[in-house]
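Hi there,

Here is the structure I promised to pass on to you. My notes on what turned up in it follow below.

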Amino acid sequence: MNIKLQIILTVILTAAISSVLSAISSFNTGLTVASDSLKKEVEDALSLQTHQSKIRIEGYLNQIASQIHSLSQSPVILNSIEELSQAYSQFNSESYSVNDDVLKSYYTKEFSDKYQTINNGESTNVEPLINTLSQNTIALQTAYIASNPFPLGEKHNLLASNNSNSYDKLHASIHPYLKSFLNEFGYYDIFLVEPENGNVVYTVFKEIDYATSLIHGPFANSGLGHVFRKAMESKENTSFVDFAPYLPSYHMPASFISEKIIKKGKVVGVLIFQMPVNTINNIMNNTLDWQSLGLGMSGETYLVGEDLLMRSESRFVLENK
């Protein structure tokens, strides 16, 4: 091959290699640009969804604060809380003689059996709980829980016990109103607490926190006890306690919000809502169209607390239940 032909072939080959390398470089650049564009699109979509979920969560919490403030000032609450607190303290002396074994049987059988069912066979020691209860608490829990003819989970359907004393009459007068309020707005439970000794003088749902003291009783250090003390100590309208396992609700996550009940400038009680985790889950998981957002089948958002633990369940867990 003569030199002229070698030079021509070398130039052609060099140009071809350069074109191929340029094409490969352009292709890789195109892939990078497309990848970066797609990544940014997904990040923007997820950021938008996170912002929307944040707005919905804040809106829900503001709605709760507004509702508890309105209810704390309602005539039904203001006109009954002091009488209810007084009738609560006299319940044991006005009712029949209580057999402690009836309530102990409820704790060791019905409550313990449901606790084990919900917690995959894990048991809890109820003896320390029973041993801290006052005679008045035993009398009220026997009447409204252990001797309640409605099954576990439906104890709130009892209008009043059959003692016909002053407490029963007051309970019968306010229970339909608060039960209806709970059902309408989807709360787990509603509590009325007298301020001096922290006695839970009323609950809608009638779990084992009912009629206990949030200062001296078995749940004084629970979320319910903490939110009561925060209400009494705070100058703010509402106080909030984050989700945490709560024994009376079988160690399911529970969060509480509270507000002082003030009548003529005097604190006459504390109103407390137990908030359902299901509403938080719905806000985080049921407002999304993941395919249209470009997040595929694996996209999700969930709420995380300051301790880096989840406050809402993964949508994949909920879908598999």
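**Helix packing**

Helix H2 and helix H7 (residues 166-185) pack with their axes 9 Å apart, at an angle of about 145°. Here, helices (H or I, at least four residues) and strands (E, at least two) are DSSP runs numbered from the N terminus. Axes are lines fitted to C-alpha atoms, for helices over the stretch in contact, and angles run from 0 to 180 degrees between N-to-C directions.

Before going on, please keep in mind that this is a predicted model, where local features need pLDDT of at least 70 and side-chain atom pairs count only at pLDDT 80 or more, while totals for chains, interfaces and linings use all residues. Residues are numbered from 1 along each chain as its sequence is written, and side-chain values use heavy atoms, with hydrogens and water left out.

Back to the helices: the crossing of H2 and H7 is left-handed (the near helix is turned anticlockwise from the far one by less than a right angle; clockwise would be right-handed). On the H2 side, the residues in contact (heavy atoms within 4.5 Å) are Val76, Ile77, Ser80, Glu83, Leu84, Ala87 and Tyr88. They meet Ser166, Tyr167, Leu170, His171, Ile174, Tyr177 and Leu178 in H7. By class, this contact of H2 with H7 has 10 nonpolar, 3 polar and 1 charged residues (Ala, Val, Leu, Ile, Met, Phe, Trp, Tyr, Cys and Pro count as nonpolar, Asp, Glu, Lys and Arg as charged, and the others, Gly among them, as polar).

Helix H4 (residues 100-118) packs with helix H6 (residues 135-146) at about 65°, and their axes are 9 Å apart. This crossing is left-handed. Residues from H4 in the contact include Tyr106 and Tyr107, and those from H6 include Ile138 and Ile145. The contact of H4 with H6 divides into 7 nonpolar, 3 polar and 1 charged residues.

**The sheet**

5 strands make an open, antiparallel sheet in the order E2-E1-E5-E4-E3 (two strands pair if DSSP finds at least two bridges between them). Strand E2 (200-203) and strand E3 (239-246) are at the edges with a single partner strand each, so one side of each has no neighbour in the sheet. On average, neighbouring strands are turned by 25° against each other, direction ignored.

Helix H2 (residues 75-89) packs on this sheet, touching E1 (189-193), E2, E4 and E5, and its direction makes about 105° with that of E4. Helix H8 (residues 223-233) also packs on the sheet, touching E1, E3, E4 and E5; the direction of H8 makes about 170° with that of E3.

Strands E4 (residues 252-263) and E5 (residues 266-275) run antiparallel and are joined by 9 bridges, with isoleucine 261 opposite glycine 269 in E5. E3 and E4, also antiparallel, are joined by 6 bridges, and serine 239 stands opposite serine 258 in E4. These two strands form a hairpin with 5 residues between them, and tyrosine 250 in the turn has a positive phi of about 65°.

Happy to talk any of this through!

Best wishes
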